[in-house]
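I opened the model to look up a few packing and charge contacts. My notes follow the order in which I checked them.

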Amino acid sequence: MYYSEEVIEEVRSRSDIVDVIGNYVQLKKKGNSYFGLCPFHNEKTGSFSVSRDKQMFYCFGCGKGGSVFTFLMEYENYTYPEAIEYLAGQAGVELPKQELTEEQKQMADYRATLREMNKDAANYFYCLLRREHGRKGYEYFQNRGIMDETIAKFGLGYSDIYRDDLYCYLKQKGYTDSQLRDSGLVEIDEHGGHDKFWNRVMFPIVDMNGKVIGFGGRVMGDGEPKYLNSRETALFEKKKNLYGLHLARRSKRQGFILCEGYMDVISMHQAGFDNAVASLGTAYTEEQARLLKRYRNYVYLAYDNDGAGQKAALRAIEICRNVDLPARVISMAPYKDPDEFIKNLGAEEYEKRLQQSISGIMFELQVLAQQYRLEDPEERTQFQREMAKRLATIGDVYERENYIEAAAAQYQMNPRSILNMVNRVGEQQQKTAGYERLQEEDRQNHRREVEKAKDGKLLQEKLLLTWIANQPAVWKKLDGIVIPEDFSNELTREIMNQFTRQVQNTGTINPAEMIDAFPDVEQHSKVSAILNEEVRFEGSEEEDPGLKREFANKAITETVRRIKEESLNRQMKEVTESQMESGEKSRRFLELMEQQQKLKNLYITLDNG
């Protein structure tokens with residue numbers, strides 16, 4: 001949907017960015033801005049800033065930034081129109097019905113077609129499950145103890161034994177081969193269309209808005225692969241979705257239970273554990289962990305009780321740690337998975353296991369202990385050393401001491417001996433980390449110097465734009481001196497164009513509107529970095545107002561002079577390399593040289609704002 005700039009500005013002006021982001025991130029006011037922990041990367045100290053004056057956010061840690069629309073696009077995975085529509089609904093702004101551009105209409109129609117096709121396929125699989133052709137699939141679910149209401153809740157279905165069954169059905173619905181290929185449901189070759197899923201029980205994958213975006217299928221019998229998942233499409237990205245999350249996020253239970261497979265999630269929900277989810281045929285990802293963190297403060301890991309499940313749990317613990325999402329591990333022993341456990345021991349016993357779950361660190365130590373014969377003194381000592389290395393990585397001193405006491409009790413060791421070993425390991429790790437940190441600082445300093453020399457022009461252009469954004473009155477002093485074409489970088493030139501357009505149209509500068517003028521979200525962060533910076537120059541800390549103003553005048557004059565000199569040199573080079581007639585070249589050179597002479601006398605004063 002296309003919305004005019006006037007409509008977008010009305011939605012933006014009635015959607016205070018501090019209030020909107022405050023619903024997702026705990027913010028505290030510091031000076032003129034608000035700070036909190038960045039929701040887009042893991043951090044311990046708040047480097048995520050939100051400016052009410054500029055109506056923009058920026059993270060000094062990961063570099064993400066933008067307007068209130070950008071935040072929702074990044075956090076909720078909304079499109080730009082969806083972010084506008086969501087905020088309009090929250091602010092009570094009635095959006096006009098507008099015609100889409102041809103390109104927007106084509107993309108909207110394309111995505112709508114894929115959604116409708118997935119919906120038709122899901123309905124087809126669901127209906128087939130209840131018919132004679134789907135008896136095999138229905139009996140499979142019955143034998144697994146899945147009730148009819150659970151089948152309906154998850155929209156479970158069956159794909160027939162014929163390899164073009166769905167293809168023929170969807171063709172009858174009017175879909176083209178090109179659309180069917182893009183859906184991931186069908187493969188098209190020189191022999192025609194062939195279903196991706198056949199002779200399988202089907203698990204629709206649903207997004208946060210309740211729309212079917214893909215499928216998982218389990219083969220009936222001994223075929224391979226046992227489980228098959230939709231390939232990624234314009235609607236479906238595996239690493240950013242979780243099976244059952246659209247249901248689990250509405251659960252009143254605390255935390256999420258992360259399982260390995262579809263049937264585990266279904267059995268758990270049926271047993272009353274409606275906070276269960278699973279990754280989608282791929283390894284658990286940081287994107288999925290961040291998605292879970294949006295809705296809960298911790299996660300339980302309910303992976304298979306075997307070697308592969310143990311390795312997966314260790315990986316998941318590390319991923320959760322990277323996004324600061326505490327993870328606890330549930331023991332399935334003596335059964336393989338949650339589905340098997342609940343069928344044999346019941347929901348009440350599983351609830352006990354939930355309460356008896358252990359922290360990620362204790363699970364890591366438990367797995368570590370399995371690698372040693374603790375009754376052997378030498379191996380017991382090796383285990384203690386490895387355990388000390390793990391415990392030494394815990395930053396919080398109280399948490400570390402608590403784990404030392406817990407580990408000592410668990411493995412019948414002297415807590416003081418473990419503490420001494422942890423301290424020795426910690427000292428060594430600090431020395432190593434300190435040396436590596438110094439090396440990295442040297443590398444970063446070198447990179448900064450190279451970057452400074454290489455991009456000196458760009459830095460000057462960014463500095464001037466930052467100055468204008470911080471002090472819009474500066475713009476009046478630059479009128480007729482600096483124009484967008486003086487900027488050598490495409491991004492900074494476009495920002496200057498936006499400044500010019502805004503001042504000419506409204507007489508003011510609106511940073512948030514400027515950010516949204518760029519179509520790419522990655523550009524939002526780059527623009528935000530420029531607009532969010534503070535101008536610092538030699539003498540900016542002076543207490544004498546007059547002296548401070550003099551330093552500011554000199555600083556901005558020098559910045560403008562460098563930009564103009566570079567621009568004039570660039571134009572002279574272009575004239576030299578052009579095909580102009582000699583007389584025209586001479587006149588153009590004289591004009592540029594006159595401008596260079598004027599630059600020597602340039603002095604910009606900010607005395608009056």
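**Helix pair.** I started with H14 and H15, which are oblique to each other (angles under 35 degrees count as roughly parallel, over 145 as roughly antiparallel, 65 to 115 as roughly perpendicular and the rest as oblique). The axes of H14 (residues 338-345) and H15 (residues 347-355) come within 7 Å and cross at roughly 125 degrees. Axes here are lines fitted to C-alpha atoms, for helices over the stretch in contact, and angles run from 0 to 180 degrees between N-to-C directions. I listed the contact residues (contact means heavy atoms within 4.5 Å). H14 contributes Pro338, Phe341, Ile342 and Leu345, and H15 contributes Ala347, Glu349, Tyr350 and Arg353. By class, I get six nonpolar, no polar and two charged residues for this contact. Ala, Val, Leu, Ile, Met, Phe, Trp, Tyr, Cys and Pro count as nonpolar, Asp, Glu, Lys and Arg as charged, and the others, Gly among them, as polar.

**Ground rules.** The model is predicted, so local features need pLDDT of at least 70 and side-chain atom pairs count only at pLDDT 80 or more, while totals for chains, interfaces and linings use all residues. Residues are numbered from 1 along each chain as its sequence is written, and side-chain values use heavy atoms, with hydrogens and water left out. Helices (H or I, at least four residues) and strands (E, at least two) are DSSP runs, numbered from the N terminus.

**Sheet.** I then traced an open sheet of five strands, ordered E1-E2-E3-E4-E5 with antiparallel pairing (two strands pair if DSSP finds at least two bridges between them). E1 (28-30) and E5 (65-66) are the edge strands, each pairing on one side only. E3 (residues 48-51) and E4 (residues 56-59) pair in the antiparallel sense over four bridges. Phe48 stands opposite Cys59 in E4. Helix H24 (residues 521-532) packs on the sheet and touches E3, E4 and E5. The direction of H24 makes about 95 degrees with that of E4.

**Salt bridges.** How many salt bridges does a search of the whole structure find? I got 29, taking a side-chain nitrogen of Lys or Arg within 4 Å of a carboxyl oxygen of Asp or Glu.

- Glu9 bridges to Arg12, with the closest N and O atoms 2.6 Å apart. Both lie in H1 (residues 5-13), three residues apart, about one turn of the helix. Glu9 is partly exposed at 23%, whereas Arg12 is buried at 5%.
- Lys171 bridges to Asp177, with the closest N and O atoms 3.2 Å apart. Lys171 is partly exposed at 35%, and Asp177 is partly exposed at 27%.
- Lys564 bridges to Asp486, with the closest N and O atoms 3.0 Å apart. Lys564 lies in H25 (residues 545-577) and Asp486 in the loop between H21 (474-478) and H22 (490-506), so the pair ties together parts 78 residues apart in sequence. Lys564 is buried at 11%, and Asp486 is buried at 2%.

I also found a network: salt bridges that share partners join Glu318, Arg321, Glu364 and Arg390.

**Loop check.** Is Asp479 buried or exposed? I find Asp479 exposed, at 62% relative accessibility, in the loop between H21 and H22. Asp479 and Ser525 are 46 residues apart in sequence and 28 Å apart in space, C-alpha to C-alpha.

Terms used: Buried means under 20% relative accessible area, exposed over 50%, partly exposed in between (1.4 Å probe, protein chains only).
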